[in-house]
Amino acid sequence: MTNKKTPYTDDYKERYESHMRKKQQQRQNPLPTKSDAPITPIEKVEKIIEKEVKESEKIIQEVKEKMARLEGKAVKEITKIEEEIVKDGKKAEEFIINQKWVIIGSLLVIILIFAGIYLFTTPSVKAKYTPLDVVISNLSGMPSSVYFDGKNSFGLTGFESKLTYNNKQDRLFGNEQYKKIVFDEQGKAYSVISLDGEIRLEPLTTNPDEVTKIGWFSNPSQISLSESISWGKKQVSSILSSGAEVNSAELTYSLFKGRPYMKVEFSASAENSSNLGDFAFGLVIQNSDIYLDNGTILRNDNLIATLNKTVDTVIYENGNSSKNISETLENAVSQETDTSRQARKRSGSSYNLNPEYEIFYNQNTSRAIIVYSPESARYENLFLWNVFRVYIPYNEGYSPLYLAVLDNTQLSYDEQAGDWRITSNKIDEYARFYINQIVSELG
Amino acid sequence: MKLHLSEKERYIIEHAKHTFNYVFQILLILFLLTLLVQQFYPDFVNSKININWFMIVVIVFGALSIIFPVTHKKEDKPATKKDLFLVISLGILGAIIIFLKLRNLGWISYVISALGGLIIILLSWMILTEKDGEEK
């Protein structure tokens, strides 16, 4: 046997060990990859993009984490607020349990409101005494309107009322609008009256005051009004004072609550009261026939027709009439009255009678107005003007006038009783009986 | 700005809010009824109450109701036959009232009254049923 050292044994061992060492090194230091090899521009860009993507993903992740944290907080806060709301709601619900206090309080407030409006404010329309009321005024003509159930029914005016004193009869209160005075170019004065069919001019021959101021009283400042209301009774008065010949006069209306009738009284005083004569209550009643105590009916034939022409201006002088007027005079007249209006023609009958009473009956409304005075001398019925006067003689004073207004009334004459039977929703009696009842109640 | 109120103060304020609301509702209904009566009896109404001041008070309480609102619970009730009957009755009543006011105009008053009644019925029904629709 030969101990031959093969030339490969030591070498092999060295080579093996060297190989193993290399391998180990390789493991530790891997062999260069392809990426270590010089990179192309595209690969560079790809690398950059990859890097940026990774960074973005990192940022997104961070943001997500932050958002998650914030969401958690927000949710907590929202939950807190919701809990508070629920709490408040529950508390509020606890407050409305006392509905009784709310209702009582509300009713009290409403009562206070209505009391306040009633006490501290005035209604736009003055309430009318019911069923009858009288509204008097201190306007020229001294008109007074009688209201029935709040609606204007008829009137009693100072202008249509007449008083006799010292055998001279004149209107109780004149109307300043009745007559005017105008002047022509030469300064001549004329009185102007506006009538239905013409405007009448007459030369002024007397004191102008005597022309324009007709009536025992003519200045509205001479009128004073008074009103008193007590339980169940209302009294209104027009008081005239500072008269020239008739020193003072007074018209008093007495109304009673719930009663469809009233009393009107007149009194006057003068220097020599014994010279006072008849006084006529002047009523203005439209669209009514007159039923007399003897069963006669006077039909209202009042007719006002409008003519197809303007009204003429006529001068009456020395018994002659003329339509020739100067321009100056025409202009002066047009300042005082409407000269361009249509002319009218008025017609109607007149009656002077002495019945015991009169009933004014409106066929359209079935309303009856009973007029009565215990000491009436006569009744002057002028359908031409729808003016009706009741003359009362002076006898140390004047007897009152009684007026009754009845709605939805039927009238039938009873020949046997010799009287009108009045049937309404209020009464079913003979006229005389009803009038006696009124007089005994009102005095 | 949140006011920090005591329990008692909040109690009073809540009651006051409900009172304003309640008063406004009652006053509004009374005011509208008064206006309706005034159409037919103007002198009677105008002689009893000054309607201008009444209107001012209603407006004041309306403003208070808006400034201090009350939260109401929503009622999820659908329209019933009773509601329909009420709406139709009110429409007919409205038509009658319109006719009474306009009867002097002649034949056209019938047309206007009928249309008015129809509008009342339709609008009222629309409001009733529209509430149910929004909740769905």
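How many residues does the contact take from chain B and from chain A? The contact takes 23 residues from chain B and 25 residues from chain A, with contact meaning heavy atoms within 4.5 Å. This is a predicted model, where local features need pLDDT of at least 70, side-chain atom pairs count only at pLDDT 80 or more, and totals for chains, interfaces and linings use all residues. As for bookkeeping, residues are numbered from 1 along each chain as its sequence is written, chains are lettered from A and ligands numbered from 1 in the order in which they are written, and side-chain values use heavy atoms, leaving out hydrogens and water.

**The interface**

- Chain B and chain A bury about 2,300 Å² between them, 71% of it on carbon and sulfur atoms; that is accessible area (1.4 Å probe) lost on putting the two parts together, summed over both.
- Salt bridges between chain B and chain A come to zero (a side-chain nitrogen of Lys or Arg within 4 Å of a carboxyl oxygen of Asp or Glu).
- On chain B, α1 (7–40), α2 (42–48) and α3 (51–67) each supply at least two residues of the side that touches chain A; helices here are DSSP runs (H or I, at least four residues), as are strands (E, at least two), numbered from the N terminus.
- The biggest giver on that side of chain B is α1(B), with 12 residues.

**Helix against helix**

- α3(A) (residues 99–120) packs with α3(B) at an angle of about 145°, axes 10 Å apart; axes are lines fitted to C-alpha atoms over the stretch in contact, and angles run from 0 to 180 degrees between N-to-C directions.
- V109(A), I113(A), F114(A) and I117(A) meet W53(B), F54(B), V57(B) and F61(B) in this contact.

- Most residues other than glycine have a negative phi, and most peptide bonds are trans.
- The T130(A) to P131(A) peptide bond is cis, with omega near -5°, and P131(A) sits in the loop between α3 and β1 (132–136) of chain A.
- N166(A), which isn't glycine, has a positive phi near 55°; N166(A) lies in the loop between β4 (162–165) and β5 (168–171) of chain A.
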